[in-house]
Every structure is written in structure tokens, then in C-alpha cells.
Amino acid sequence: MLRWLIGGGREPQGLAEKSPLQTIGEEQTQNPYTELLVLKAHHDIVRFLVQLDDYRFASAGDDGIVVVWNAQTGEKLLELNGHTQKITAIITFPSLEACEEKNQLILTASADRTVIVWDCDTGRQVQKVSCFQSTVKCLALLQRLDVWLSGGNDLCVWNRKLDLLCKTSHLSDTGISALIEIPKNCVVAAVGKELIIFRLVAPTEGSLGWDILQVKRLLDHQDNILSLVNVNDLSFVTGSHVGELIIWDILDWTVQACERNFWDPSPQLDTQQEIKLCQKPNDVSIHHFTWDEENVFVAVGRGLYVYNLQMKRVIACQKTAHDSNVLHVAKLPNRQLISCSEDGSVRIWELREKQQLAAEPVPTGFFNMWGFGRVNKQASHPVKKQQENGTSCSLELIGDLIGHSSSVEMFLYFEDHGLVTCSADHLIILWKNGERESGLRSLKLFQKLEENGDLYLAV
């Protein structure tokens, strides 16, 4: 009985700390996506979505098919068939400004070692390259130089006509996993745990052809780099398999900041807990991140972290945002964030400022005579220090979109037409703003009644 009185109140708190996954009820008052359209065209995992314009997007995946959709109605516009194996990369390919035809083009790479240029207005296959020695894992467009790059076991530079301008020698069997453009005609390639800086040399009067030079190798990561993006004109960011986030200077390629303590394990961890952490390396993998002017939003294992670029520290986190690894994050207006996971869920979060609690006053009088005041004063220091070093914002769950039955690979956000998600269940779901759609339906009804003259008869 005495044991129950002393320890009974602590057990529920301990259980709550071990299961920190936030849940939300059926009444999701801040979630606008109350209607959905299920789009079926693929017969394998859908891994990629790319926005073509204000009302169209394309989807692609392991069936090798590219499908063009209307984001407003969910109508299937085109199906592009040409690849024989899964698609590994896709990017938009804008037409030249001088060109009379302003057709929307896309580039797709496949495990069949081909790259195809598609016309998304007609569905026509414009051109195809089949001379690759390995699978192309990533594509990048350098619009200022009017060339595009393909990354696999080597790095190739191509012109708009798909002529090979130059290439590197064999880099690695693992291949280039990501590519970004940086100033001074340079690109950054992620190859395993290395970053390689290449400089493109355009033809001049003295040289007839293009050239690509290896400028520097950066070896600061301890494990394979999974994500690489530009965040602004000053920095680019990389994330690795073991949870390393490094912010780099975009001009001199030096490390501006580094964050490796996303999980911040307690120093009192016992051996069994350490073994358990080591058995789950994916729990700290940085699969994806997005950014705005102030913050980088990082998907770390099952969690979400907000890293402030100015303060160079984490200002908010949800260590268990999903039941499985978070695969994709995106920033929405009004300080909102969307994440999707291997568990098939899509969740909407809001970044909120925390209310700073005032420090408790030091007791005086009778208790202070017996020394209680000094003890409490000393105990208040760790609390104050914890508040100073802790997060200053919170990520609050405001919406939970349940529709997919398998891993949600990524999504697109259309300001006017809603949210598009793709999944390993072969489906694409178009999530609609229920209030907006209801208003549009009412407007169409009134327009129809007015056209038929029924509106005036009813009045």
C-alpha cells in the first residue's frame, strides 16, 4: 500500500514520456483538407511528383510510366510510356524564351539507363539518350548556362539537344545521389559520405569545347549523405544517415554550422539502451528537409526539427512526429508544416512561440530560517538553465490526413487546388479544402440556375 502511494502517481507520467506521439481527434478544426479524390493510373510504387504549372502536375514511379494530371479536377490528361524500368529522377525542363513554342518539357531518368525529354502538352517523346554506362540517379538543370547534368557513377554535362558536352571519369560505384548548382559555375555532388565541388568551364575563343574540373572534396560527414539543398544565396545544407546536419558557405565551401545532437541522449543511458539505439540507425537518418528565410525544417528519423539559421540551434522539435521514418517535409503559409511518413500518414503542424514561464521566487521567512530557501534557490538554477538552452518554439499537430495504406513518398502543395500525395500503395490522393470546394459548387449551381432562368423563377 505504501509503495502504491509513493510511486503510483509517477508511473503514468513515465508511460506518457515513453509514448510521445501526438494524436488528434476527429474534430480537426484547423485542418482544411476534408475532401479527397483518389487517382488511379499507376500499378507500382509512385515515388515522384513534379509541378508543371498552376493547375497541372506529373507523377512517376517504379512502373516506368509518367502521368500528367489536372490538379483542379483530378482528371488524367496524358500517359507517357517509354521507359522499361523504374524512374529514378524527374525534373522540369523549361522552353527557351526565344522559342515560339512554349511547351512544358520534363526530363526523366530510369533504371533502364535512359533519359527522355517529354512534351507535357502533347505527350510526345521529344528525344531520348541511351548511352549511359550506369543508372542516372539525379538530374539538375543549370538554366543560366542552358545545360543540364546527369549524375550516376560519373557526372555528365548535356546541352538542350541532348548532345554530351563533357563528363568526368568513374567516380564511385555508389554513384552521385544528389546535385545542386552553386555560384561561379560550380556544382556540388553528393557521393557516398563525400561532397565533391566541380567547376564547369564554358567554351571560349581559345577552347572549342566544354570541360568539367574537380575543385575540392569535402570529407566532414561520417556517413552517407542523404539530402543536399540550397537554402539561400549564402548557404547550402547537407544531411547524413547518422543525423549530421551541416550548413556550408556557398562561396568558400567552409562549414558555417553543424548539428549532430538531434536526439541528445541522457548521460545516464545504460548499456541496454545504448544497444537499442545502435540497432536502429534509421532513427536519426536525415531523409529530407525544407527551409524558409529563417529556418531549416529537418526530417530526422521519425521526428521533425526546426533549426534556426541565425541562432544556429534547434528551436522546436517533435522527436516522434510519426510512427515510422519521415520521408518528406514542406513549408506552408502561416507558419505551418506538412510531413509524410513510411507509416502511411500525412500530418499538418503549426510552429508556435512558447510562453516563457516566470522563475519561482525564493521562499523567505520561517522556511528560510531552516535552510529550505537555500536549497530551493540552488535547485532553481538547473530549471532556469534548461529553459534558456531548451527550445523556444513548439510544433503542434493540427491535422492528420489518413487515406493511404502504405508509405507516403512525397507530396505537392497547390495554393488553389489543395495537396497531392503519392504512395507505395500505387495511389495518388488529391486532398481538397472542403470549405473552398463547397463554395465553388454553390457558385456553379447559381451560375447554372441563372443560365437556365430558374434563379429568377425561384425568387
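Colleague: What is the mean pLDDT of the protein chain, and what percentage of its residues reach 70 or more?

Modeller: This is a predicted model, and the mean pLDDT of the protein chain is 83, with 81% of its residues reaching 70 or more. Over residues 1–19, however, the pLDDT is below 50, and beyond near neighbours in sequence this stretch has 1 contact in the model. Over residues 265–281 the pLDDT is also below 50, with 5 contacts beyond near neighbours in sequence. Where pLDDT is low, the predicted coordinates should not be read in detail.

Colleague: Why is Asp-400 called buried?

Modeller: The relative accessibility of Asp-400 is 18%, and buried means under 20%, so Asp-400 counts as buried. Asp-400 lies in strand β29, which covers residues 393–402.

Colleague: What makes the pairing of the side chains of Asp-400 and Arg-347 a polar contact?

Modeller: The two side chains are 3.3 Å apart at this contact, and the cut-off for a pair of N or O atoms is within 3.5 Å, one able to donate a hydrogen and the other to accept it, so the pair counts as a polar contact. Leaving aside neighbours within four places in sequence, Asp-400 is in contact with Arg-347 and with other residues, including Ile-24, Gln-28 and Asn-31.

Colleague: How do you know whether His-417 is buried or exposed?

Modeller: Its relative accessible area is 11%, and the limit for buried is under 20%, so His-417 is buried. His-417 lies in the loop between β30 (408–414) and β31 (418–423). Not counting residues up to four places away in sequence, His-417 touches Asp-54, Tyr-55, Ala-71, Gln-72, Leu-430, Trp-431 and Lys-432. The C-alpha atoms of His-417 and Leu-430, which are 13 residues apart along the chain, are separated by 8.5 Å.

Colleague: What makes the set of 19 residues a nonpolar core?

Modeller: A nonpolar core joins buried residues of kinds such as Ala, Val, Leu and Cys through side-chain atoms within 4.5 Å, and the largest such set here has 19 residues, with Leu-149, Leu-155, Leu-179 and Leu-200 having the most contacts inside it. The elements that give two or more residues to this core are β10, β11, β12, β14, β15 and β16. Leaving aside neighbours within four places in sequence, Leu-149 is in contact with residues among them Leu-155, Leu-179 and Leu-200.

Note on methods:
Residues are numbered from 1 along each chain as its sequence is written. This is a predicted model: local features need pLDDT of at least 70, side-chain atom pairs count only at pLDDT 80 or more; totals for chains, interfaces and linings use all residues. Side-chain values use heavy atoms; hydrogens and water are left out. Buried means under 20% relative accessible area, exposed over 50%, partly exposed in between (1.4 Å probe, protein chains only). Helices (H or I, at least four residues) and strands (E, at least two) are DSSP runs, numbered from the N terminus. Contact means heavy atoms within 4.5 Å. pLDDT is the predictor's confidence in each residue, from 0 to 100.
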